[in-house]
Every structure is written in C-alpha cells, then in structure tokens.
Amino acid sequence: MPNWVKGSERMVATASLAADQEVVIDPKSQVEIPEDAENKIIVLPTNESSENLVKIRHTTAHVLAMAVQKLFPEAQVTIGPWIEKGFYYDFDMKEAFTEKDLKKIKKEMDRIISRNLPLVREEVSREEAERRIKAINEPYKLEILEGIKSEPITIYRIGEDWWDLCAGPHVERTGQLNKRAIELESVAGAYWRGDEKNQMLQRVYGTAWETEEQLKAYQVQKEEAKRRDHRRLGQDLNLFSIQEDAGGGLVFWHPKGAMIRHIIEDYWKKMHFANGYELLYTPHIAKLDLWKTSGHYDFYKENMFDQMQIEEELYQIRPMNCPFHIQVYKDALRSYRELPMRVAELGTVYRYERSGTLHGLFRVRGFTQDDGHIFCLPDQIRDEIRGVLDLTEMILKQFGFSKFEINLSTRPEKAVGSDEIWEKATTALKSALEDKGWEYGIDEGGGAFYGPKIDVKIEDAIGRKWQCSTIQVDFNLPERFNMVYVDSDTSRKQPIMIHRAIFGSIERFFGILTENYAGDFPLWLAPVQARLLPVTDNEVDYCKKVVAELKAREIRAEVIFGERLGKLIRNAETQKIPVMAVVGRKEVETETLTVRTRHGGELGNVTVADLADRIQLAISTRGVL
C-alpha cells in the first residue's frame, strides 16, 4: 500500500480515538460522568418519578423571582412553573437581561437559599388577595387572580420578604435547595398568555436538581444533545433546509435527505402491504364544508390556514387526512364482510404555526403524516389494536428503537358515544396491550372526546423520550359523516374508526432519527453507502466503472475526486460515509479496492465483488461492515 494511505490511516485513527473519549449517554438516562468526576453513573430523576424534584424546581422558580425583584425592583412577575428539565419565570421589565445579569441573579438566589427562609402557605379570601396585589402594584397577578375559580386563594411566602399566588408544592425551607445543583441557562422572549397581541415578556430558563452530580450529568446530556442537533447535522450533511425566502416551517429535502426519506417510506409501504393495508392518495385541498362536517373548522380553526375561493366556493388546504379517508369509505355501501377495512397514506398536511414556535423538523407548517385508518366492527377492535401494536413495534425496531413508554388514556368528562361502547373500546385496548405484554400507565380521563387512545413514546440513544405513535378509537367522525355498513341482519350500523400513526410525521421522525444516530446513519439507511477516492485523475475512469458495478447491485456508491487524498478522506469522515475505498495505480492494475469502514476499520485490499457481497449482507441483516 502506498505511503499516503498510511498517513491517512494515522489521521483517521486519531479521529476515532477522540470519538472514543467523548462522554456517552446510556439509553436508560444513566449518564456517564468523565473520569475527573469519579466515573459515577447517575440516573436522572424526572418530575413524574420524584415529587421532591417538583418541589425543588417550583421553589427555585420562586427564589428566582424573589432575587430578580430584589435586584430589579421595577420588574413585574407573571408565572413561573416547573418544566421537564427545570423551571422558568416570566418578567415584564424595560431593560433586557444580559449574561452578566444572570450571574448577579444567581448570586442573589444563593444568598436567599443560604438564609434558609421558610416557605409558608397561607389561605386568604379573594378580596384580601386582591388588596395585597394592588398594594404592590402587580397587574399581572390581578389577571391571574381573575382566572382562579376555586377558593380560598392560596399564597406562598418566602420568609417575610416576598410572596406569590401559588398552589404549591414547595420545599419547607430555602436551605433545602442545593445551590450547586441549580443553574440559570438562558433568556428568551415570550408573549403574555402566549398571545402575540399581548406584551412581550422576558422568560428566564433554569434547571434544578437534587444533587450537584445530577446537574453535571444533565449538563453532559445537554452537550450531547447539542452535538446531535438535527438542524446543524441537516446542514452539515446536506440533508434538508428551511428556505426563508419560500416561508418559515416549509422543508426542502436535499438529495441525500430525500434518499433517506425514500428508504423510510419504501419500508413503511412494504410493511403496510404485508399487513393487509391498502394505499391511498388523496387531494391536498377540499371544500370548506368537509371541514365543517368533520368539526375541524369549529375546534381547530386557529391551526388551519385561511381558505381560498375557487368559483365562488371556499376551499381549505388540509390540516388532517381523516375526512378524505372517510370519503373513500363512503364511496360505496360497505358490507360487514368487508370489515375491517385498513387504509393508509403518506399524506402531507398543512397547519398554521406561529413563527416563534417553529423548530427545525420538529415544528413545521407542512409535514407528511404516516396516516392510517381502520374501519371495523365493535368486536374487531381488540384484534385490530393488537395488529397495530405489532406493526408499530416491528417498524420502530427496524430503525433502532426498542424501548417504549406506553400510556392508555380513558374517557374524559365530556365525550361522545355510549357508556357501553366506551367500556368495550377501553377494555379492547387494555386486552391488546396485555396480550402484547407491554407495561402501560393509565391516564384517567385523558382520552379524546371522541374515544380512548394509546400513546407510544420511543427512547433515543441518550435517554430522551419522544411521542411518536398513537392509536385512537373514534366514535365521533363515523357519526358526523353518517358512516354505515350493512350488518348480517341487513340493518345499517355505524362502524368503529381507528386512527393510527407510527412515525407521527415523516419530518419529525427524521429529526429524531438524525439525533438518535448523531447523523451517523446505519449502512442500510445511509444516503451514500460507499465512496471511492482516486489518488490521481488517472484512476477516475476505473472508479466510475466500479461505481456502476456497485449501483447495478443496488448499492448507493459515488466517486469523488479533484482534491488531495488527505482532504478526500477527511471529507468522507466528516460526512459519515460508511465505506470508503482508496484507489491508486496498484488497485487499478489488480482490479481491487483498498477499503476502510467507519465501524469495522480497515478491510484491506478486496475485490469489487467481495466488497459488494459484504455490503449487501450487512444491508440485508441491518448490520455494520
């Protein structure tokens, strides 16, 4: 092998060593702290798993507000809840907080914590609460008070210096907070009540934990999440873009991203055909009357784009696919023998999202749902749900997700459908989950008004959970659209409708997938599976011939040339190409390739046929080379 290959080998080996030294986040939310922190494995608690953590975060939010008003007396407070990883508080003040201000605020918070002040719950009448609020001139608190319907009104005081309207919970004294387990993270703008017509406030975000070790573990996880950010990777790997000239929240798929999307969709279609679904394609717009019948116009209008007028009739760009699938069902009078009827579509929908809420592929205005609907008889619900669970598991595992959190949501106070059918549907969902052997939580009263549902969250490589799959039983739309089938006794009855999505949306799932793999997609998903790197232009023709042979065997291959070999190798590494083959004069003479893979290292000198065989085997087994 020529000397230039050996030099490039040293460079690649150094890069691999650096990667090995990066901190890895265990999928169980166990975070490995670097050696200087004694290599402890920390399991990060959640708000759901630790009542104490909720108290810590809520109390810390109050301490933050107290500190801000101590340092900035003109600041008016609004709300300050705990959130998934910490807390925030919204303030109305003229001057914007700076990084220097955050440091001052944190020091004042530490002083408040050190004073070990008691948190005292106090019950007062509405009139007394109003009097106190007016005495300190806090107009936002007056609005909050107006929204509180129950009595008495509860107030929490920190010592004798500060108080706020609050229902709790809190720790007993500020000294129970760990100063070294608290961090102020950032400042962002937020409209009061989330309405852009209202005053813009300053939202200070922070995180709070039980121990300093937990904070450090969280910081490691946060840095790892930053490294995996799909927005940066999408740009670095040339997968997709959001073109502001075309409008925010609209995704442009570049060739490499489009290739991965094609692979995802192709597998999705094959699995659905194999499981008894029929594929649909339906329009992107329809008459507004259809959305009035479905109820979307009444209940979902604020998330829908404005209508367009065509020949004196109003048309609506679709926010959902469901009514279109119902139209296909209603195109003929169905017999009970035809049920269950399973249909699916990769249907692009459009929803209005405020520009401030848009976030990469996770929050967009146009996206493609992997939508499926099952029309069935009441006694078929259980088996159909079990079939959806099996299909969901099969597809998600294919993409590397095998840990799920399952929740079953039951009937809310306001609901359509008889008690009998709700009971039957809920029992069927429970039975399907128990047959599947999946543990699940119950969200009492958390179902939609139209039926019970199952939600599936997937866990990624660094322990984050993402809501993806959902299965919903619907008694409402069949009634609204007067859907019927002819039963065995020739009577006409209403079918049960099951809504289900596995990815949720292609865009969001693609973002999750990108972050899960940190852009280092497995061989079978990689947009380019093999890249040939000629040492000089003299080897380009041979490389093109090899690429043609690999493509003939359905291997995604390319040749890149025109740069020094060292740069070609670095670029292949940066772009996370699974297989790279260096081609010099010797390789051309022997009709071979010198191959290196990202995960297997050096394969040495191999024939084209041998390399193709190995790649195809790895693809078919979803393995690595």
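1. Domain bounds, as used in this note, come from an automatic or database domain assignment. That assignment divides the chain into domain 1 (47-225), domain 2 (250-517) and domain 3 (530-621). The C-alpha centres of domain 1 and domain 2 lie 38 Å apart. Five residues from domain 1 and four residues from domain 2 form the contact, where contact means heavy atoms within 4.5 Å.

2. The model is predicted, so local features need pLDDT of at least 70 and side-chain atom pairs count only at pLDDT 80 or more, whereas totals for chains, interfaces and linings use all residues. Residues are numbered from 1 along each chain as its sequence is written, and side-chain values use heavy atoms, with hydrogens and water left out.

3. The chain as a whole may be described next. Its C-alpha atoms fill a box of roughly 95 × 75 × 50 Å, taken along the principal axes. The secondary structure comprises 19 helices and 31 strands; these are DSSP runs (helices H or I, at least four residues; strands E, at least two), numbered from the N terminus. Of the 625 residues, 51% are buried, that is, under 20% relative accessible area with a 1.4 Å probe and protein chains only. Among contacts between residues at least 6 apart in sequence, 70% join residues at least 24 apart.

4. The largest nonpolar core has 83 residues, and Phe399, Leu532 and Leu593 have the most contacts inside it. Such a core is a set of buried Ala, Val, Leu, Ile, Met, Phe, Trp, Tyr and Cys residues joined through side-chain atoms within 4.5 Å. Because domain 2 (250-517) and domain 3 (530-621) both give residues to this core, it lies between them. Another core, of 31 residues, lies apart from it and includes Phe87, Met93, Met109 and Leu184.

5. Helix α8 (residues 255-274) and helix α15 (residues 506-516) have axes that come within 11 Å and cross at roughly 110 degrees. Axes are lines fitted to C-alpha atoms, for helices over the stretch in contact, and angles run from 0 to 180 degrees between N-to-C directions. Gly257, Ile260, Arg261, Ile264 and Glu265 in α8 meet Ile506, Glu507, Phe510 and Leu513 in α15.

6. Helix α11 (residues 322-329) is mostly covered, with six of its eight residues buried. The buried residues are Cys322, Pro323, Phe324, His325, Ile326 and Tyr329.

Terms used: Buried means under 20% relative accessible area, exposed over 50%, partly exposed in between (1.4 Å probe, protein chains only).
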